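User: I have a model open and would like to talk through how its parts are put together. Could you take me through it step by step?

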Amino acid sequence: MKQNNEILQKIESLRQQLREYDYQYYVLDAPTVPDSIYDTLFQQLLQLEKDHPQYQDPNSPTQRVGGAPISAFDRIVHINPMLSIDNVFDPSALMAFAKRLSERLDQSEVLYCCEPKLDGLALSLQYEDGKLVCAGTRGDGINGEDITHNARTIAEIPLILHAENPPKNVEIRGEVYMSKAVFNRLNAEARQKGDKVFANPRNAAAGSVRQLDPRITKARQLSFFPYTIAAISQEYTLNPSHYAGLQALREWGFKVNPDIKRVQNIEACQTYYEELLARRASLAYDCDGIVIKVDSLALQTQLGVATRAPRWVVAYKFPAEEALTQLTEVEWQVGRTGTLTPVARLEPVFVGGATVSNATLHNSDEIARKDIRIGDTVIVRRAGDVIPEIVAPVLASRGSNTHAIPLPRHCPVCKSPVYKLAEEAAIRCMAGLYCSAQRKEALRHYASRKAMDIEGLGDKLVDQLVGHALVHSPADIYRLDLNALANLDRMGIKSADNILQSIEFSKKTTFARFLYALGIREVGETTAKTLAQHFESLDALYVASPEDLMAVNDIGPVVAAHVHAFFKQKHNKEVISAILAAGVNWPKPQISLAQPFKGQTFVITGTLTSLSREEVKARLEALGAKVSNSVSKKTQALIVGDVPGSKLDKAEALHVPILNEADFLALLERQR
C-alpha cells in the first residue's frame with residue numbers, strides 16, 4: 001500500500017510539474033526549462049501511467065497525445081445559446097451601433113473592449129471543479145457536437161485550471177484556429193506527398209477539430225484563444241467587467257490574445273480597427289476584423305439580446321478580399337414570395353479562401369446602378385467574407401462583345417408574366433403557388449427548423465414532391481401516405497416512415513412558429529412572435545384591419561398591409577383550414593385571472609438595485625402591461641433607478657407619474 005501511495009505521489013508530482021511548464025511556455029511565453037528536460041519528464045510520466053493503469057487520469061498532460069478513434073460525435077445542447085454577432089463594415093455603421101447603445105442606456109459614453117476577430121471555429125469548454133469535462137462546437141447555436149477528445153489535444157486548452165480554488169462550474173468560450181505558419185507547413189507537406197491542400201486556415205481548423213481520430217487533430221497543431229466566460233457558478237465572484245474576466249482566464253492558464261485592449265469610447269474603437277488593419281498581414285493568424293464589446297457585464301445584461309444576436313457586441317469587419325473575373329451569363333432564380341433574383345455566372349476565381357463561380361447581383365436596380373453587362377470583367381468580393389457579390393465592372397476592360405443584361409418579362413420557371421412595382425426594386429412572378437419554384441420555396445420554408453421543423457423534408461425531397469404533383473400547398477404535406485413516399489427516389493419504407501413520423505410530430509407547435517411558417521411577406525420570427533402575443537388567435541388576425549395591425553408595437557404600414565392582404569385571400573384561409581383539420585395545433589395562451597395593468601404602458605430608466613430590467617419587464621408583462629422604450633403622453637408611469645437619463649426630463653415635462661424603485665416594489669406587492 002505504501003509503495004502504491006509513493007507511485008501515485010510521483011505521478012501527481014510529475015503531472016503538476018509538467019502543467020506548470022506548459023503554463024510558462026504557452027501562457028507566459030517564458031519557458032524555464034529546455035525541451036529536452038520537458039521531454040524526459042513527459043516520458044517518465046507516460047511510462048508510470050502505462051505501468052500503473054489504475055492511476056490513469058483524462059486530465060493528465062499525457063492525454064494530449066490523443067486516444068483511440070471514435071465512431072461518431074455525440075450531440076450536446078448548449079445551456080446558453082451560442083449566438084451570432086451582427087456585423088458593421090464602415091465608420092457610419094459603427095457610429096450607428098454606438099448611438100443605439102447610448103439611447104438604450106441613457107448615457108453618452110461607454111467603455112468598450114476591442115478584440116481581434118479570428119477566422120476560426122467557436123468552441124465551448126465546460127469545467128467542473130477546475131477540470132475539463134466537455135468541449136463542444138457551436139453547431140447551430142443551440143446544439144453542437146461533443147469534440148472533447150480532440151480539444152484535449154490542443155496544448156493551449158488547460159485540462160485543469162491553473163487556480164488553487166477554481167469555480168465549481170464554469171463555461172469558457174473561445175476560438176480554435178490554425179496559425180498561418182502551421183497552415184503553410186501542412187500545405188507544403190501535402191503538396192510534396194501529392195495530397196489535397198487546405199483552402200484556408202479556417203477550413204483547416206474546422207476540419208481538424210472534427211476528426212474522429214484525435215491523433216490527426218494533435219498532428220495539426222491547433223491553437224486556442226478564449227474570448228469570454230459565458231457562465232460561472234454563483235459561489236465564485238468575478239470583477240463585473242469583460243476585460244477583467246479575460247485577465248482571470250489568463251491566470252487560470254489560458255493564453256489570452258495579447259492584442260485585446262480596453263478603450264474609452266467608440267472613436268478609440270475606430271482607431272484600434274485602423275491600427276490592427278495596418279498590421280493584418282503580419283499577424284500570426286488570419287483575422288477578418290475586430291469584435292467590439294461593451295465592457296460592463298451589468299450593461300451587457302441591461303442591453304440584452306435581439307432575435308439572433310446580443311445588442312452589446314458587434315463585429316467590425318475588415319474590407320473583404322477581392323478578385324477579377326469575367327461575367328459569362330445571368331440566371332434569374334425564383335424565391336418563396338415570387339421575387340426574381342439575378343445570379344451572375346462567373347469564370348471560376350479564387351477569392352477569400354474559396355473558389356467562386358456564382359455571385360449575387362441583388363436586383364434589377366442594382367444592375368442598372370452599377371452598369372454591369374454580360375461579358376464584363378468584374379470585381380468579385382466575398383461580402384463579409386461569406387457571400388460572393390459583384391462590386392463593379394472594370395470599365396477600362398469593357399470591349400465591344402459585352403451586352404446589357406436583359407430583364408425577364410416572364411417567370412423563368414412557370415412562364416407566367418412578371419411585374420415590378422414602382423416603389424420596389426424586386427421583379428416578381430405573379431403566379432403564386434401555381435409556380436412550382438414558389439411552391440418549392442414555400443414548402444422548404446414551412447418545413448424549416450425555425451418554422452414547423454419537419455425533419456427530413458429537405459430540398460431534394462421537396463423537389464420530388466412538387467415534381468410528382470404530390471404536394472401543391474403545405475396542407476398537402478399532411479395527406480402524404482407511406483406508399484407514395486416510399487416510391488420516390490432514394491426513399492424506401494423506412495425512410496418514408498421516418499418522414500411521416502416527423503410530419504406527425506410537427507403537428508404540435510406554437511402559434512408564433514405557425515405564423516412564421518406561413519411565409520407571409522416581411523413576417524420573420526420576431527414579427528411572428530409579436531403578432532402571436534398580441535392577437536393570440538387566428539380568428540383575431542382574420543378580422544384585424546391594417547389600423548389594428550399598426551397599433552401593435554413594431555408593426556409598420558408595410559408589414560400591416562402584407563399581413564392584412566394575406567389573411568383576406570380566400571386561398572390562404574382554405575390552406576390554413578386544411579392544415580388545422582389535419583391536426584396541427586398549439587397551446588391556448590395562458591390568460592392570467594388578474595391583469596390589473598392590461599392596456600397600460602410603463603417605461604424604465606436608470607439602474608435598479610433589487611431587480612434587473614428584464615425582471616421588471618417580466619413582472620409588468622405578467623400583470624398585463626406593455627413595456628416601452630420611449631416616454632409619451634400615454635405612458636402610465638416611468639420607473640426610475642439610479643443615474644436616470646433624458647427619459648426622466650421628458651416624463652416630468654409631460655407630467656407622467658414617476659415611481660422610484662421603492663414605489664414600484666410597493667406597487668407590485670399590492671397586486672398580490
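**Helix packing, sheets and a cavity**

Analyst: The crossing of H3 and H9 is right-handed, and please keep in mind throughout that this is a predicted model.

User: Which residues of H3 and H9 make that contact?

Analyst: From H3 the contact takes Pro91, Leu94, Met95, Phe97 and Ala98, while H9 brings in Ile266, Glu267 and Gln270. Sorted by class, the contact of H3 with H9 has six nonpolar residues, one polar and one charged.

User: And what angle do H3 and H9 pack at?

Analyst: Helix H3, residues 91–105, packs against helix H9, residues 266–278, at an angle of about 145°, and their axes are 10 Å apart.

User: OK, on to the sheets. In what order do the strands of the five-stranded open sheet come?

Analyst: The order is E2-E11-E10-E3-E9, and the pairing in this open sheet is mixed. Its edge strands are E2 (87–88) and E9 (261–263), each of which pairs on one side only.

User: How many bridges are there between E3 and E9?

Analyst: Strand E3, which covers residues 112–118, pairs with E9 over three bridges in the antiparallel sense. If you want a place to look, Cys113 stands opposite Arg262 in E9.

User: Which helix lies across E3 and E9?

Analyst: That is helix H8, residues 242–251, which lies across E3, E9 and strand E10 (287–294) and runs at about 55° to E3. H8 also lies across E7 and E8, where it runs at about 120° to E8.

User: So E7 and E8, what sheet are they in?

Analyst: They belong to an open sheet of four strands in the order E5-E4-E7-E8, in which the pairing is antiparallel. The edges of this sheet are strand E5 (131–137) and strand E8 (223–232), each pairing on one side only, and the twist averages 25° from one strand to the next.

User: How many bridges do E7 and E8 share?

Analyst: Eight bridges hold the antiparallel pairing of strand E7, residues 169–177, with E8, and Tyr177 stands opposite Ser223 in E8.

User: Switching topic, where does Lys180 sit and what does Lys180 touch?

Analyst: Lys180 has its place in helix H5, residues 180–193. Leaving aside residues up to four places away in sequence, Lys180 touches Arg280, Ala281, Leu283, Ala284, Tyr285 and Asp286.

User: How far apart are Lys180 and His445?

Analyst: From C-alpha to C-alpha, Lys180 and His445 are 40 Å apart in space, and they are 265 residues apart in sequence.

User: Now E13, what does E13 form with E12?

Analyst: E12 and E13 form a hairpin with four residues between them, and Gly338 in the turn has a positive phi of about 90°. Strand E12 (residues 322–334) and strand E13 (residues 339–351) run antiparallel and are joined by seven bridges, with Ala344 in E13 as the bridge partner of Val330.

User: How many bridges join E13 to E14, and how many to E20?

Analyst: Six bridges join E13 to strand E14, residues 354–360, and those two strands run antiparallel; in that pair, Phe350 stands opposite Thr355. Strand E20, residues 427–429, pairs with E13 over two bridges, again in the antiparallel sense, and here Leu340 stands opposite Ile427.

User: Last one, which residues line the largest cavity?

Analyst: Its lining is made up of Thr360, Leu361, His362, Glu366, Ile367, Lys370, Ile372 and Ile390, which by class gives four nonpolar, two polar and two charged residues. Helix H11, residues 364–370, supplies the largest share of that lining, namely three residues.

User: And how much space lies in the largest cavity?

Analyst: About 30 Å³ of space lies in the largest cavity, and the structure holds one cavity of 30 Å³ or more.

Technical notes:
Residues are numbered from 1 along each chain as its sequence is written. This is a predicted model: local features need pLDDT of at least 70, side-chain atom pairs count only at pLDDT 80 or more; totals for chains, interfaces and linings use all residues. Side-chain values use heavy atoms; hydrogens and water are left out. On a 1 Å grid over the protein atoms alone, a cavity is a set of points where a 1.4 Å probe fits but cannot get out, and a pocket is an open set with protein on both sides within 12 Å along at least five of seven lines; lining residues have an atom within 4 Å of a point. Grid points are joined across faces, edges and corners, and a volume is the space filled by probe spheres set on the points. Ala, Val, Leu, Ile, Met, Phe, Trp, Tyr, Cys and Pro count as nonpolar, Asp, Glu, Lys and Arg as charged, and the others, Gly among them, as polar. Axes are lines fitted to C-alpha atoms, for helices over the stretch in contact, and angles run from 0 to 180 degrees between N-to-C directions. A crossing is left-handed if the near helix is turned anticlockwise from the far one by less than a right angle, and right-handed if clockwise. Contact means heavy atoms within 4.5 Å. Two strands pair if DSSP finds at least two bridges between them.
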